[in-house]
Amino acid sequence: MSLRPSSLAAIALDLLASALAPPRCAACDAPVRSLAALCGACAATAQRASCSDQDVAAYVYGGAVARAIGRMKYEKRPDLARPLGDLLWRAVEPRAAGMPDACVVPVPLHPRRLVERGYNHAALLARRLGGRLGAEVYPVALARTRETPRQATLDRRARLSNVAQAFRAARAGALRGRAVWLVDDVRTTGSTLDACRRALLEAGVTAVATAVVARAE
Ligand SMILES: [Zn+2]
């Protein structure tokens, strides 16, 4: 795998940081070697996902990967966006050449949930991925037009209608003519990512590839 200079600089910084604070497994907090997101036992539960150039997923949702994502979102662990963003980057990097000059845009959280949680985990993943790729990140390029009920409580048909019109491009000028890596933590039905993709294409984005840490089978 070839690395861009910005990626090498980021890795050098990580090595320095890990010398000061030893890295720990994103799922169970066991000590891990530098640049590893998961310990050996947790990594053994992680199953790589098959994916296409348009829809990249690092892992199948489950096991330690699901645990690490849950901790990042619900246990006030925004720091875990770093190791999880690295897992995402390793899946995206082999396909980055197919998306020249792409910028990185996260799926937005509704403002009320942003206040509850204190951070948008997808934006933190996007920042990590953008740093690794040496790509610009637009953390608020997409906005929610209305609050949607929690997807997890809905069946598939309700999920699709729930999100169909829920997003708009808030930074259309900056995005027009660009390719976009659209980032979220998990792909379930894909309805959220599809709605975001549509909003980006309507704003003049030339191509949208999605990038998620885990995909539900
Ligand atoms: Zn572990």
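How many residues does helix H4 have, and what distance does it reach from its first C-alpha to its last?

1. Helix H4 (residues 81-92) has 12 residues and reaches 16 Å between its first and last C-alpha, close to the 16 Å expected at 1.5 Å a residue; the expected span is 1.5 Å times one less than the number of residues. Helices (H or I, at least four residues) and strands (E, at least two) are DSSP runs, numbered from the N terminus.

2. Before going further, please bear in mind that this is a predicted model, in which local features need pLDDT of at least 70 and side-chain atom pairs count only at pLDDT 80 or more, whereas totals for chains, interfaces and linings use all residues. Residues are numbered from 1 along each chain as its sequence is written, and side-chain values use heavy atoms, with hydrogens and water left out.

3. Because 10 of the 12 residues of H4 are buried, this helix is largely enclosed by the rest of the structure. Here buried means under 20% relative accessible area, exposed means over 50%, and partly exposed lies in between (1.4 Å probe, protein chains only).

4. Arg 128 is found in helix H6 (residues 121-133) and is buried, with a relative accessible area of 15%. As for Trp 89, the charged end of Arg 132 sits over its ring, 5.3 Å from the centre; this requires NZ of Lys or CZ of Arg within 6 Å of the ring centre and within 35 degrees of the ring normal.

5. Which residues hold the zinc ion? Its protein donors are the SG atoms of Cys 25, Cys 28, Cys 39 and Cys 42, lying 2.3 Å from the ion, where donors are N, O and S atoms within 2.8 Å of the metal (3.2 Å for Na, K and Ca) and water is not among the atoms, so sites may look incomplete. The 4 donor atoms subtend angles of 102 to 116°, which makes the arrangement tetrahedral, a label given to four donors if all angles lie between 85 and 135 degrees. For reference, the ideal angle for four tetrahedral donors is 109.5 degrees.

6. In sequence, the zinc donors follow the spacing C-x2-C-x10-C-x2-C. Cys 25 lies in the loop between helix H1 (5-20) and helix H2 (40-43), whereas Cys 42 is in helix H2, so the pair ties together parts that are 17 residues apart in sequence. Cys 25 is buried at 0% relative accessible area, and Cys 42 also counts as buried, at 5%.

7. Most residues other than glycine have a negative phi.

How values were computed:
Tetrahedral: all angles 85-135°; square planar, octahedral: opposite > 155°, others 65-115°.
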